[in-house]
Structures are given as C-alpha cells and as structure tokens.
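Morning, everyone. Please have the sequence and the structure open while I talk.

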Amino acid sequence: MTQRFIAPALLGASLLLSACGGSNNNGVVLPFIPPTTTPPPAAQAPKNVLFFLGDGMGITTMTAARIYKVGEDGDLTMDTLPETAFVHTYSNDAQVTDSAPSMSAYMTGVKMNNEVISMSPETKAADASGKAYQVNFDSTCPSGNGQAVETLLEQSKTKGYATGVVTTTRITHATPAATYSHVCHRDAENTIAAALVPGGAGYNGKLGDGVDVFFGGGTDYFIAKEAGGKRNDKRDLIAELKTAKYSFAANKTEFDKLPADGATKIAGLFTKSHMAYDLDRDATKEPSLAEMTGKAIDALAARKKGFFLMVEGGRIDHALHATNARRALQDTGAFDDAIKLALDKMQAIDPGLKNTLVVVTADHDHTLQLNGYAARTGKTEAGKPGVLGLVKDYVDTSKTSKDVDGNPYTIIGFGNGPRRLATRGPISDAELENKDYRQEAVVPMDAASDSETHGGADVFLGAQGLGADNFAGVITNTDVFGLIKKAVGL
C-alpha cells in the first residue's frame, strides 16, 4: 500500500479544520477540539486613601485628650489602629517645622523650607532681607525661586480618582493648601484660593476639572475687599465656583442639602476665617468635622472610582498656641470622632478595608506637658476638671501638690507661651472650669506674638487597611508619601 506523506504545514491546517468539525486531505473526519479561551482580566476594585492630620497633635496632646475624653483606662479610636510608627517632622531648614513644609512633605515626599507649600527644596519663603514673598495675601514669589512638586492629591486626580479636602481651618490655610496648591509663602492665601477655582486665573491645572469635594472656612480669601473679603482683584471666587458647576453651601442647612450623587462637585465654606472650636460651635450653623467627613466620604464613594481624601483637625493647633488646653483637647476628641465615623463608613463600603488605606498622624508637636506625679483623674466632666485640674498627690489625693513657693499647679502646662501671670499664686476651681482658662508657661513669650510655639518631638502615626503593615518603626514624614503611593499603586 502506498503511504501518503502529509507536510507539517498541511497537518496544521487539517487540524484547524477539524477543530471546526472539518476533515483532512484524506477525507478522514478528525475529532472536535474546542478552542482555548483566556478569560478577561478581572476588574480591579477601586482603591481609597483617607489621610487624617491632627494639626499640632503631639503625643502628649493625644495622651491628655484621651484622659480628657475617656479617662486613663480608655482608648481613642486612633489608639486602636493596628499599625503604628513614630515620625520625624523637621523641615529642610529648621529643627522645628511649621505646618506648611511638614504637610507638604507628607503630600510630596520632599523636605522643604519653613513656610513653603509644595515646592522644591531650594525654594525660599522670603528674600535675603527676610521680607516674605507675599503682599496683602497675594504671592510675590520671583521667577526661578523653586518649582512646584506634584502632590498625592494631584497624582490621584491624574489617575482618575475622586479627591476631597476637609478642614476646620480656612481651606486656604497651610495644611489643606499643601494638597492642591504651590506657593513660596503660606500667607499668600488669595493666590491659594484661586488655585481651587476651575477656569479662573491662577487655577492649578493639575486638578483637572477640580477637587470633587472641599469643606472648611475662609470665605475672606474668595471675596473681594469691596464685598467684605480680602481679595485685591475684585473677583468673587464663590460665584466662579458655582459657574464651574459646584453645588455650594455657606451654612449647616445648605450643607445638609448638598448632593452625594456621584456626579456633582460639592463645596462648603462656612465662616469668614477659621471655623469655630468644637467647644464653641453652633451646630445649627456649622457642621462638625465628623459630619463634613461623612458627607465627603458619601460623595466620593458614590463616584465608584476610588478616592483620596484629606481630613484635618486644624484648630487643635490654634488652641495650643493660645495655651488653652480645654479647647485643644475638645478639638482632638472631635478629630477622633471623625476618624471613628470614617472607619465605620469605610468598613461598610469596603469590608476589611482590603482596598482602603487609612492613615492618622500629625504635622508637628507643641510644648504641652503633663506635670508632677498626679493622681489618676478620670475623664473631664462637669465639676470634675480631670486632666485640666490641679496636681493631686497620688498617695493622698486630698493633698494638692505645691511648687517651691507653696502654690498649687495644674497637671497641664506649656514649655513656653503667652505671659499669663506676673507672679504665681493660688488657682481656684472656678478658674479651671472656665473654658477660656489658659495654662501657665515656663518661658513667657513677648506680648506681640501672644503665642506658644511648636515643639520638635516626633509625632504618632497610626494606619489600618491596605498596605498599613508597611508603616512601622521610626520614619520621616517624606517616607509616608512613598508608603501611600506604594499601597495604592499611584
């Protein structure tokens, strides 16, 4: 019998035919071979970053706030975050940083000089004579004095994420400004405000169609001087925001009506300058930090594409500068309430936080300290000042500890601050109950500043969720930028 040779190329063709139920050249029907199929890649779940910053919230302030709110045995929500680290906060030119370069370091991964916002390290905030590069809140930064450095919020926007900024300070203040603007000097708040308004002069084009959600205070820098604001260019940036399709709120009633529909950009500016301290806040006029945080999460999550949200408890810092411990601790507690609400909401949206990273930290310390060998006090309640009270002997709590001159002293004091007393004397319970009471400072500062300074100690960082286990040990604020990027793949 003559055998026929089938060339390999023909054999391949005949097999292709057989796969469709065909036959080879000899008419022999070959078995059906189903084609192989590769399933399409699974869609990746959207990633979320929630970055919480307590402005000036040093570790001693955290400790005092814990005792104030829940007592020595209790926990704040931020105490329960499973991953923790200590963060070095020094700036490019100073051992003790201000908020601008520290927050900018978190947002850009770059150390910069004090008072500079999200610019390269060589950028100067003032000229050789010390004159700041801003006049009447407008930037006067000269050409060639550094360059903008991209922020996490800008990178998130470029990647298609939704973005949000929430604060209890002016939205143009140093911490929120570091997320979306670039200026030589932090006081150029008119320039910073313009960076937020799509389509207008000075808009930061890196923000695309705009930050999707922002809440805070500071209408002064959005309104012309002629209309009671501080702008020198006669612009009404609030009107421009509305033209740019923002739904805008100026009070709590309007805030409650803001849509969280996944399409509308929303903004709220509730005060001319900073929002009220939590202890003084009129809940019918201003939303709480937790309420603003909850609304922002609802609006950003509704966009279904992942988001970056920065939340600042900004007025902690201001109360500490005033050596007014009660307001500082109350605002720290309100900041913690916002963290708790956010974690609860995100667990419902993303169970187990498999695609969500939550980071809580501070930009710098202050000089607040806990004095003496105080007996435990428990939380602060009416008639019980708690950690705000006098140092009582832990062996015999009926005895009040005394200084060298026989005068009592408070548990909380400050390393420096406004001169409150010419000479020390007795302190009454009525004084300690007053929310305006200002604790004493060891080093009196001059009357012109009337302010305590920042401190240079490391600050706490806590993290939970996606990539949180990378936050550990002792790190710098610039490291945090890289760890966040790594966690969500920016």
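Let's start with the largest pocket, whose volume is about 330 Å³. Keep in mind that this is a predicted model. In all, 18 residues line that pocket. Go to its centre, and the closest of them are Phe414, Arg424, Glu440, Ala441 and Val442.

Which strands supply at least two residues each to the lining of the largest pocket? They are β13, residues 412–418, and β14, residues 441–445. Of the contributors, β13 gives the most, with 4 residues.

Now the second largest pocket. Its volume is about 230 Å³. Here 13 residues form the lining, and Thr377, Pro385, Gly386, Leu390 and Lys392 are the closest to the centre. How does the lining of the second largest pocket divide? The count is 5 nonpolar, 4 polar and 4 charged.

Back to β13 and β14. They belong to an open sheet of 3 strands, in the order β12-β13-β14, and the pairing is mixed. The edges are β12, residues 368–370, and β14, each pairing on one side only. From one strand to the next, the twist averages 20°.

Look at the β12 side of that sheet. β12 and β13 run antiparallel, joined by 3 bridges. For a landmark, find leucine 370: across from it, in β13, stands isoleucine 412. A quick reminder on pairing in general: strands of a sheet pair through backbone hydrogen bonds, either parallel or antiparallel.

Next, strand β6, residues 213–217.

What does β6 pair with? One partner is strand β5, residues 162–170, in the parallel sense over 4 bridges. In that pairing, valine 166 stands opposite phenylalanine 215 of β6. Strand β8, residues 265–269, also pairs with β6 in the parallel sense, over 4 bridges. There, valine 213 faces isoleucine 266 of β8.

Last topic, the cysteines. How many disulfides does the structure hold? The number is 1. Cysteine 141 is joined to cysteine 184, with S to S at 1.7 Å. The pair links distant parts of the chain, 43 residues apart. Cysteine 141 is in the loop between β4, residues 138–139, and α4, residues 152–158. Cysteine 184 is in the loop between α5, residues 174–180, and α6, residues 189–194.

Cysteine 184 has 1% relative accessibility, so it counts as buried. The cut-off for buried is under 20%.

To recap. The largest pocket takes 4 lining residues from β13. Over to you for discussion.

Terms used
Residues numbered from 1 in each chain as written. Predicted model: local features only at pLDDT ≥ 70, side-chain atom pairs only at ≥ 80, totals over all residues. Heavy atoms only, no water. Disulfide = S-S within 2.5 Å. Buried < 20%, exposed > 50% of the residue type's maximum accessible area, 1.4 Å probe, protein only. Pairing = 2+ DSSP bridges. 1 Å grid on protein atoms, 1.4 Å probe; cavity = no way out; pocket = protein on both sides within 12 Å on 5 of 7 lines; lining within 4 Å. Points joined across faces, edges and corners; volume = space filled by probe spheres on them. Nonpolar A, V, L, I, M, F, W, Y, C, P; charged D, E, K, R; others polar. Axes fitted to C-alpha atoms, helices over the stretch in contact; angles between N-to-C directions.
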